[in-house]
Structures are given as structure tokens and as C-alpha cells.
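Hi,

Here is the structure I promised to pass along. Please have it open while you read, and my notes follow below.

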Amino acid sequence: MSGETPSGRADDPSDVAGRLERIRQARRVRAIGATAVVLVVGFLFVQALNAVDFFTERYQWGFFVESLRDFFPVRLYGGWFPFLDVQQYWAFIAERNLIFDPASFQALVTDPIGFVFGGGLGIFSVFGEAGITLAIGFAGTILGFPLALLFGVLGSERVTPFPFNFLFRSTMSGIRSIPALVWALIYIPLVGLTPLAALLAVGTDTIGNLGRLFTDELEEIEDGPIEAMQTTGASRPQVIVFGMLSQVRTSFIAWTLYILEINVRVAVSLGIIGAGGLGEILDIQQGLFQFTNAMATLLCIFVLIISVELFSQRIRSRLRSDDETMGLRELILGLPQRIVESLAR
């Protein structure tokens with residue numbers, strides 16, 4: 001009955017009022033706590049802005065607006081319709097072979113074996129300057145994968161007993177504590193300011209980042225398959241390979257592809273310090289105040305990053321057991337339908 005306690009007694013109005021007051025008091029405490037958190041975060045935010053001279057900097061709005069006009073040049077189409085002048089972008093992209101090199105493509109078609117095994121950038125030269133960036137990201141991922149796998153597996157407590165696993169964990173943490181940009185600066189005395197320095201930096205960075213993901217993935221595996229193998233008398237290496245790594249094989253491939261996406265972005269950043277590729281072109285054009293050319297380079301970077309992400313996502317999607325395998329024709333022709341289905345979710 002409404003208004004009665006489980007023992008049948010009617011609710012004491014004073015107890016109801018007391019509980020209501022305690023609820024109100026708890027709400028006031030939470031509101032005061034939330035207000036205090038907002039004030040502290042706001043105070044730290046203002047302090048951070050002040051630390052970077054946000055309030056005292058002399059902003060060059062005139063130069064900024066003028067540079068935006070160069071970033072996005074406008075021309076009159078049909079003598080009256082103003083729109084973005086994409087021809088200026090395309091002229092620079094074609095002149096510097098930023099995303100495609102017709103001469104390399106022709107050489108590939110006429111003599112594919114000599115072209116691929118003849119030295120130089122090889123197949124990556126077809127993509128022009130973007131090929132250098134792509135080569136750094138791709139080769140850096142492959143270069144760092146073996147040590148990432150070794151450190152990642154040995155860093156898991158499932159494989160290496162505590163506290164010996166922390167020897168590998170701390171090694172990966174030490175690698176991650178240094179950004180890839182700093183690793184490139186460290187390798188400059190060894191190989192100079194070249195794409196090879198960027199490659200070594202990306203490979204080293206991959207060991208720390210990918211190894212950590214491998215370790216975390218191994219910590220979450222199921223005990224059932226491991227116990228089943230142990231009951232059959234399997235040796236320790238057999239348990240690790242067939243009981244542990246077999247559970248995370250798909251995840252390891254997916255994480256490696258994810259790191260590949262990141263490494264291509266890192267390769268662009270390393271190019272800005274002179275390591276070659278699209279990043280170096282962007283830095284040169286920015287230094288020359290050729291903002292239209294810089295924007296054309298940014299568009300090529302956008303196309304490269306999106307292409308790598310789409311490639312990676314499609315492979316990861318096919319690795320999922322619940323997805324049907326699609327052929328190349330179905331993959332291309334079914335793209336609009338998949339976009340519509342994805343937007344409808």
C-alpha cells in the first residue's frame with residue numbers, strides 16, 4: 001500500500017521530510033563540487049592561455065586574411081560566378097609530381113621488371129613526392145614490427161612473470177616517451193637529414209607504440225584455450241604460440257594497420273624538418289609565402305592520408321569473421337551503397 005513501510009507501518013512524515021532534505025543536501029553538495037571543478041578548470045585554462053601570450057599577442061589579422069586569400073584563390077567562372085580556382089592547385093601538383101609521376105608510371109608500364117628492381121624509389125616513385133612519405137610510413141612500420149612483437153609478447157604478465165615483464169614494458173615506455181620528431185633528430189648524426197633518418201625514427205617509434213598495444217591485447221585473452229592446452233601437456237612455447245597468440249592474431253594485424261595510418265601522418269611531420277616527401281614541400285612553400293602552393297600540397301596530404309585509411313579499414317573489415325568477402329568489382333561498384341548504409345546507422 002502506498003504510504004506504508006514494508007512492515008505495514010505508515011511512513012512518518014518527519015522521516016519523509018528528513019530523507020527529502022538529505023537528498024536536497026546531497027544535490028547541493030554535488031552542485032558545489034561541480035562548480036568548484038568548473039572554476040578550477042577555468043582558472044587553469046586562463047593560466048594556460050596566459051602562458052602562451054594569448055591575451056598579449058599582437059595578432060596580424062590583415063596578413064592572416066591576405067594569406068587566406070592565397071590559400072583559397074578565387075576566379076570568376078563564366079565572367080560572373082566566383083568560385084575556388086582549382087586550376088592553380090592542379091598546376092602546382094602536376095608541375096612538382098606531388099601525387100603522381102607520369103614518367104615513372106610510363107617506365108613501369110614499358111619495363112615493369114627493370115623499373116621495380118632497378119633501384120631508387122621503385123614502385124613508390126609512381127606516387128611522386130607522396131611516394132617518399134608513403135615509403136617512410138610503410139617501411140618504418142615493417143621495420144619496427146618484429147621488435148614490437150617481441151617486446152609486446154614478453155612484456156605481458158601472461159608470458160613473462162612479474163616483475164621481469166616490466167623490463168620490456170619499461171623499454172617500450174622509454175621509447176614512447178621520446179616523440180618521433182626527436183628520434184629523427186637523434187638519427188641525423190648517423191645518416192644526415194635524409195628520408196632514412198625519418199624511416200629509422202618511425203621504426204623506433206613503432207616499437208614503443210605497437211608493442212604496448214600488443215601487450216594490452218594479450219592481457220585480455222581468454223583463459224579457456226590456455227587451460228585446455230595445458231591439460232594436454234603442451235610445452236610453454238606451444239601454449240604461448242597456439243593458446244595465446246592464436247587468439248590475438250586478427251587484433252595484432254588490425255593494430256599494425258592502425259599504426260601504419262599513424263606512421264604515414266608522422267612521416268608528413270618529419271618531412272617538415274627536411275626529411276623529404278610532402279612535408280618538406282609544404283615547409284618550403286610555406287617559407288616562400290606561396291600559400292596557394294602550400295594549400296595544393298595540403299590537398300595531396302589529405303588524399304594520401306584518406307587513401308591509406310580507406311585501405312587499412314577495408315583490410316580490417318575483411319579480417320572480421322562476420323563480414324563477407326567482396327571482389328574488386330563489388331568493392332568499387334558497391335561503394336555508394338555502403339556509404340548510404342553507413343550514414344543510415
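The second largest pocket has 18 lining residues, and those nearest its centre are Leu134, Phe138, Leu260, Val308 and Phe311. Please keep in mind that this is a predicted model. The space in this pocket comes to about 380 Å³. Three helices each bring at least two residues to its lining: H6 (129-154), H11 (236-275) and H13 (291-319). Of these, H6 supplies the largest share, with 6 residues. What kinds of residue make up the lining of the second largest pocket? It divides into 15 nonpolar and 3 polar residues, with no charged ones.

Now to the nonpolar cores. The largest one holds 22 residues, and Leu98, Val264, Leu278, Ile301 and Leu304 have the most contacts inside it. Two or more residues of this core come from each of helix H3 (86-95), H6, H11, helix H12 (278-287) and H13. The most, 9 residues, are given by H13. Another core, of 16 residues, lies apart from it and includes Ile136, Ile175, Trp183 and Ala275.

Setting aside neighbours within four places in sequence, Leu278 is in contact with Leu98, Glu129, Ala130, Thr133, Thr297, Cys300, Ile301 and Leu304.

One of those partners, Thr133, is found in helix H6. Is Thr133 buried or exposed? Its relative accessible area is 0%, so Thr133 is buried. Beyond its neighbours within four places in sequence, Thr133 is in contact with Val264, Ala267, Val268, Gly277, Leu278 and Leu304.

Val153 also has its place in helix H6. Val153 counts as buried because its relative accessibility is 11%, and the cut-off for buried is under 20%. With neighbours within four places in sequence left out, the contacts of Val153 are Val159, Leu218, Ile240 and Leu245. How far apart in space are Val153 and Phe214? They are 61 residues apart in sequence, while their C-alpha atoms are 6.8 Å apart.

Happy browsing, and do write back with any questions.

Best wishes

Technical notes:
Residues are numbered from 1 along each chain as its sequence is written. This is a predicted model: local features need pLDDT of at least 70, side-chain atom pairs count only at pLDDT 80 or more; totals for chains, interfaces and linings use all residues. Side-chain values use heavy atoms; hydrogens and water are left out. On a 1 Å grid over the protein atoms alone, a cavity is a set of points where a 1.4 Å probe fits but cannot get out, and a pocket is an open set with protein on both sides within 12 Å along at least five of seven lines; lining residues have an atom within 4 Å of a point. Grid points are joined across faces, edges and corners, and a volume is the space filled by probe spheres set on the points. Helices (H or I, at least four residues) and strands (E, at least two) are DSSP runs, numbered from the N terminus. Ala, Val, Leu, Ile, Met, Phe, Trp, Tyr, Cys and Pro count as nonpolar, Asp, Glu, Lys and Arg as charged, and the others, Gly among them, as polar. Buried means under 20% relative accessible area, exposed over 50%, partly exposed in between (1.4 Å probe, protein chains only). Contact means heavy atoms within 4.5 Å. A nonpolar core is a set of buried Ala, Val, Leu, Ile, Met, Phe, Trp, Tyr and Cys residues joined through side-chain atoms within 4.5 Å.
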